[in-house]
Amino acid sequence: MSLLRSHYSIDVLNEQFGSSITVAGWIEDIRNLGSIAFIILRDRKGTLQVTGLKKEQPEIFEKLVNLPRESVISVTGLCQESRKARNGYEVLPEKISVLSVADSPLPLGVVDKVDADLDTRLDNRFIDLRKPEVQAIFQIRSAVIGAVHETLRSLDFDEVHTPKLIGTSSEGGTDVFKVGYFEKNAFLAQSPQLYKQMLMSTGLDRVYEIAWYFRAEEHNTRRHLNESTAVDVEMAFIENEGEVMQVLEKLVDSMWTKAGEQTMALSVLDKSINVPKTPFRRVTYDEALSLLSDRDCEVEWGEDLSTEEERLLGKIMGEQGHDFYFITRYPLSAKPFYTMPEGDKYSRGFDLECKGVELASGSQRIHQMDLLKDRMDALGLEISAFESYLKGFRFGMPPHGGFGFGIERFMMELLDIHNIRECILFPRDRTRLYP
RNA sequence: GCCCUGGUAGUGUAGUGGCCUAUCAUCCUAGCCUGUCGAGCUAGGGACUCGGAUUCAAAUUCCGGCCGGGGCGCCA
């Protein structure tokens with residue numbers, strides 16, 4: 001048992017009443033009434049009240065009431081039942097250790113009665129994260145990631161870690177960050193795509209990674225980050241992309257279910273979770289265009305949906321009772337080079353959408369090297385830059401497919417959070433590199 | 001990359017040419033108070049992003065810098 005803490009705030013039970021306990025945390029508030037003072041102490045699980053009496057313990061009383069808010073202390077004392085105090089008990093201090101005195105004024109109040117702007121909060125994230133409703137997001141995030149591991153391992157996937165420092169920009173498309181690598185230049189991986197594909201030729205033919213994505217796009221919106229995380233899955237010996245979609249469906253279902261079990265965190269956030277029904281609706285790209293056309297929204301065939309069009313489709317699907325749906329059979333022209341063609345014009349690529357927002361993107365991949373080279377040629381990619389990737393296809397590559405699934409986007413949809421920066425501890429956006 | 005938009009105490013705001021010696025709340029400091037839990041009461045403290053221009057007069061108008069926010073594109 002820790003000498004600085006025997007119990008967290010909410011772990012104190014009736015059986016502790018009348019005995020001595022040690023609690024520790026941050027001083028959230030001090031209400032000094034003169035001869036009696038109420039000190040609200042906050043820890044990871046909640047808050048509790050330390051009640052100081054001037055008459056009983058004058059030295060401890062003075063020490064306590066003169067501490068600045070957010071100072072860190074450990075208090076040992078009698079745990080006494082009290083209907084008047086929160087949690088039904090209070091601690092009467094017999095010994096206190098001041099572990100850290102907080103400077104004043106605080107750059108950001110934890111329990112101030114005024115809200116701070118997100119920018120101010122992020123500048124002082126270490127204090128922002130002391131707020132229970134901010135912490136709750138990351139407790140749920142942790143639980144959701146736990147569900148990813150459980151589900152994918154139970155589906156016989158191995159967890160892998162692929163390099164983030166790479167020699168050539170991986171997929172084309174997005175801009176990548178350039179970094180110095182001794183006498184060479186290197187890049188930060190925009191996704192594990194090419195590596196997880198290469199793994200398909202190794203016999204580790206069902207893999208997943210909780211991956212970091214680095215993207216050097218200069219967007220400035222509430223749903224983009226320059227450093228983000230994703231669940232990346234790749235699986236071999238598949239007949240078609242439908243098998244991949246089934247894995248994704250199970251994964252999302254388990255993540256949503258696990259999130260719904262986080263009752264404490266959800267109540268702090270005042271959110272409830274409705275687990276979506278599976279299987280998710282499948283809509284082909286052509287069907288989507290026709291549904292949009294019915295609403296006088298004409299999309300040129302072969303183009304990816306614009307944000308507005310995506311939202312309208314989300315609305316239409318919602319009206320039919322589908323928050324989640326796959327858009328399948330995308331035109332080849334709207335998907336990356338490694339996407340398996342279906343005939344001349346279509347592909348075996350799909351997106352998973354939630355209420356008009358793209359959560360995941362996947363496909364069956366091309367496993368034949370000649371076809372892969374043809375596609376790269378057609379899209380004007382420099383084949384020589386992909387030699388080490390292509391080599392993986394020369395000596396036995398099974399048919400395979402997979403998807404990438406953005407974790408922050410998922411959290412936004414799960415908890416109805418309006419700014420993606422709230423879904424990652426220390427966001428990296430167009431301008432923010434600190435803290 | 002294109003477009004729109006903002007910057008007033010630690011925090012969040014009011015103020016759109018003179019009534020600003022700048023509002024309110026929160027916060028901080030001191031004092032009173034033995035049951036607070038948005039504690040209360042009294043007194044006090046603290047700010048116009050920077051540079052230039054217009055004007056008798058600029059927080060307020062104009063130009064530029066710096067630092068933000070957002071939409072689109074692209075994507076997750």
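## Loop around Ile 383

Ile 383 sits in the loop between α10 (369–378) and α11 (387–391); helices (H or I, at least four residues) and strands (E, at least two) are DSSP runs, numbered from the N terminus. The model is predicted, so local features need pLDDT of at least 70 and side-chain atom pairs count only at pLDDT 80 or more, while totals for chains, interfaces and linings use all residues. Residues are numbered from 1 along each chain as its sequence is written, chains are lettered from A and ligands numbered from 1 in the order in which they are written, and side-chain values use heavy atoms, with hydrogens and water left out.

With a relative accessible area of 18%, Ile 383 is buried (buried means under 20% relative accessible area, exposed over 50%, partly exposed in between, with a 1.4 Å probe and protein chains only). Lys 373 is ten residues from Ile 383 in sequence, and the two are 7.1 Å apart in space, C-alpha to C-alpha.

## Surface near RNA strand B

RNA strand B is surrounded by 51 residues, the closest being Lys 84, Arg 222, Thr 307, Arg 409 and Asn 419; a residue is near a strand if one of its heavy atoms lies within 4 Å of it. By class, 21 of the residues on this surface are charged, 16 polar and 14 nonpolar. Here Ala, Val, Leu, Ile, Met, Phe, Trp, Tyr, Cys and Pro count as nonpolar, Asp, Glu, Lys and Arg as charged, and the others, Gly among them, as polar. Elements that each supply at least two residues include β1 (20–32), α9 (307–319) and β17 (357–364). β17 gives the most, with four residues.

Glu 90 instead places a polar side-chain atom 2.9 Å from a base nitrogen.

The 13 residues of α9 reach 19 Å from first C-alpha to last, close to the 18 Å expected at 1.5 Å a residue; the expected span is 1.5 Å times one less than the number of residues. Glu 309, Glu 310, Leu 313, Gly 314, Ile 316 and Met 317 are buried in α9. They cover an arc of only 165 degrees around the axis, so they lie on the same side of α9; the arc is that of the directions from the helix axis to the C-beta atoms.

In helix α12 (residues 407–415), eight of the nine residues are buried, so the helix is largely enclosed by the rest of the structure. The buried residues include Ile 407, Phe 410 and Leu 415. Asp 416, which follows α12, has a positive phi near 60 degrees.

## Backbone geometry

The peptide bond from Thr 278 to Pro 279 is cis, with omega near -5 degrees, and Pro 279 lies in the loop between α7 (263–269) and β12 (281–284). The bond from Tyr 434 to Pro 435 is also cis, with omega near -10 degrees; Pro 435 is in the segment after α12.

Glu 70, not a glycine, has a positive phi of about 75 degrees and is buried, with a relative accessible area of 4%. Phe 237 has a positive phi near 60 degrees and counts as exposed at 58% relative accessibility.

## Cysteines

The structure holds zero disulfides, a disulfide being a pair of cysteine sulfur atoms within 2.5 Å. For Cys 354, the nearest cysteine sulfur is that of Cys 423, 13 Å away, which is too far for a bond.

Terms used: A polar contact is a pair of N or O atoms within 3.5 Å; within protein, one must be able to donate a hydrogen and the other to accept it, and residues adjacent in sequence count only if both atoms are side-chain atoms.
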